[in-house]
Amino acid sequence: MSGAFLSLSGLTKRFGGLTAVSDVSFGMAAGDLISIIGPNGAGKTTLFNLVTGQLPATAGRVAFKGQDITNEPPQVRARRGFGRTFQISKTLTALTTLENAMVGAFLHHRDLAAASRRAEEMLELVGLGARAGIKAGNLTLSERRRLEIARALALDCSVLLLDEVMAGLNQTEVADVIALVRRLHREGLTILVIEHNLKVVRAFESRVIVLDFGAMIADGMPEAVLSDPNVVEAYLGRKRT
Ligand SMILES: Nc1ncnc2c1ncn2[C@@H]1O[C@H](COP(=O)(O)OP(=O)(O)OP(=O)(O)O)[C@@H](O)[C@H]1O
Ligand SMILES: [Mg+2]
């Protein structure tokens, strides 16, 4: 797996007696789009936290462009180009939409005007250009999700990790976010998406990794993975909380 753009090997996270992520290994080439699916509590968000450095790994390695980044803190990884959204939105509600996006832009643009320009461009890209001046607390759920994407993009990320950005959105809003993600992917961004909506995963027509009790139980294209008996059982065989 060496030489991959992003490579996870034997990545493991234990919380006391609970193994939330168990020996996960896979590699991504630059420009790949991978969906991560799995039942509630499967370890998807924890895996993201290990990749972006929000949590230290118990074992295993994360390498980016051939360099071991396993022990780097999140701000160092952000500087390397890891941008993410959070399952529980981290939008700063008292700040404007533009100011929120600027939080990302400041990582590379020290100059206020340059950071503001970069943030504005990314807000335009996600369709929030007209909402730049309003307080983020007044945005709709769908707008807040797009703002989080804009903030990640504003830090000039080269890997974007999206944690359930479609959850709670209506069909039109989901279609808009799918179109946005596909566009970013077409433009060359490397993207990891945690998603519960299997229609969304099918729409991406790209590689899917399934986690169950922290372990990878399937890895492949949607048609094969979603009809794999182990995956069907993980989803349908147990009651979800
Ligand atoms: N900081 C923590 N301390 C202790 N246990 C944790 C912590 N974070 C997650 N867990 C546990 O680890 C397991 C995996 O959680 P995680 O949030 O990664 O799952 P998930 O696949 O993202 O689930 P969901 O689909 O509900 O978002 C769960 O059992 C969860 O309770
Ligand atoms: Mg989660």
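The charged end of Lys 90 sits over the ring of Phe 86. The distance from that charged end to the ring centre is 4.5 Å. This is a predicted model. The structure also holds 2 aromatic pairs.

**Aromatic rings**

- A pair of aromatic rings is described by two things: the distance of the centres and the angle of the planes.
- There are 2 aromatic pairs in the structure. In one pair, Phe 5 and Phe 64, the ring centres are 5.0 Å apart. Their planes meet at 70°, so this pair is edge-to-face. The cut-off for that label is an angle over 60 degrees.
- Phe 5 lies in the segment before β1 (6-15), while Phe 64 belongs to strand β4 (residues 59-64). The pair therefore ties together parts that are 59 residues apart in sequence.
- Buried means under 20%.
- Phe 82 joins the group: ring pairs link Phe 5, Phe 64 and Phe 82 into a cluster.

**Around ligand 1**

- Which residues come nearest to ligand 1? Out of 14 residues around the ligand, they are Gly 41, Lys 44, Thr 45, Thr 46 and Gln 87.
- Gly 41 uses its backbone. A polar backbone atom of Gly 41 is 2.8 Å from an oxygen atom of ligand 1.
- Gln 87 uses its side chain. A polar atom there lies 2.8 Å from an oxygen atom of ligand 1.
- His 196 also takes part through its side chain. An N or O atom in that side chain is 3.1 Å from an oxygen atom of ligand 1.
- How much of ligand 1 does the protein bury? Taken alone, ligand 1 exposes 640 Å², and the protein buries 62% of that.
- Two elements, β2 (18-28) and α1 (44-52), each supply at least two residues of the shell. Helix α1 gives the most, with 3 residues.

- Arg 118 sits in helix α4 (residues 112-125). Its relative accessibility is 19%, so Arg 118 counts as buried. The limit for buried is under 20%.
- Which side chain does Arg 118 contact? A polar contact of 2.6 Å joins its side chain to that of Asp 156.
- Asp 156 is found in the loop between α5 (141-154) and β7. At 31% relative accessibility, Asp 156 counts as partly exposed.

**Side chains that reach the backbone**

- Thr 190 is in strand β8 (residues 190-194). With 1% relative accessibility, Thr 190 counts as buried. Its side chain reaches the backbone nitrogen of Gly 31 at 2.8 Å.
- Asn 170 is in the loop between β7 (159-163) and α6 (171-186). Asn 170 is partly exposed, with a relative accessible area of 41%.
- The side chain of Asn 170 reaches the backbone nitrogen of Thr 172 at 3.1 Å.
- Asn 170 and Ser 142 are 28 residues apart along the chain. Their C-alpha atoms are separated by 8.7 Å.

**Positive phi angles**

- Lys 65 has a phi near 50°, a positive value in a residue other than glycine. Where is Lys 65? It lies in the loop between β4 and β5 (67-68). Lys 65 is exposed, with a relative accessible area of 54%. Exposed means over 50%.
- Asp 156, the contact partner of Arg 118, has a positive phi as well. The value is about 55°, although Asp 156 is not a glycine.

**A buried arginine**

- Arg 77 lies in helix α2 (residues 74-80). It counts as buried, at 1% relative accessibility.
- How far is Arg 77 from Thr 172? The two are 95 residues apart in sequence. In space they are 34 Å apart, C-alpha to C-alpha.

Methods
Residues numbered from 1 in each chain as written. Chains lettered and ligands numbered in written order. Predicted model: local features only at pLDDT ≥ 70, side-chain atom pairs only at ≥ 80, totals over all residues. Heavy atoms only, no water. Near = heavy atom within 4 Å. Polar contact = N/O pair within 3.5 Å; in protein donor to acceptor, adjacent residues only side chain to side chain. Areas by Shrake-Rupley, 256 points an atom, 1.4 Å probe, with all protein chains shown as cover. Helix = DSSP H or I, 4+ residues; strand = E, 2+ residues; numbered from the N terminus. Phe/Tyr/Trp six-rings, centres within 6.5 Å; stacked < 30°, edge-to-face > 60°. Lys NZ or Arg CZ within 6 Å of the ring centre and 35° of its normal. Buried < 20%, exposed > 50% of the residue type's maximum accessible area, 1.4 Å probe, protein only.
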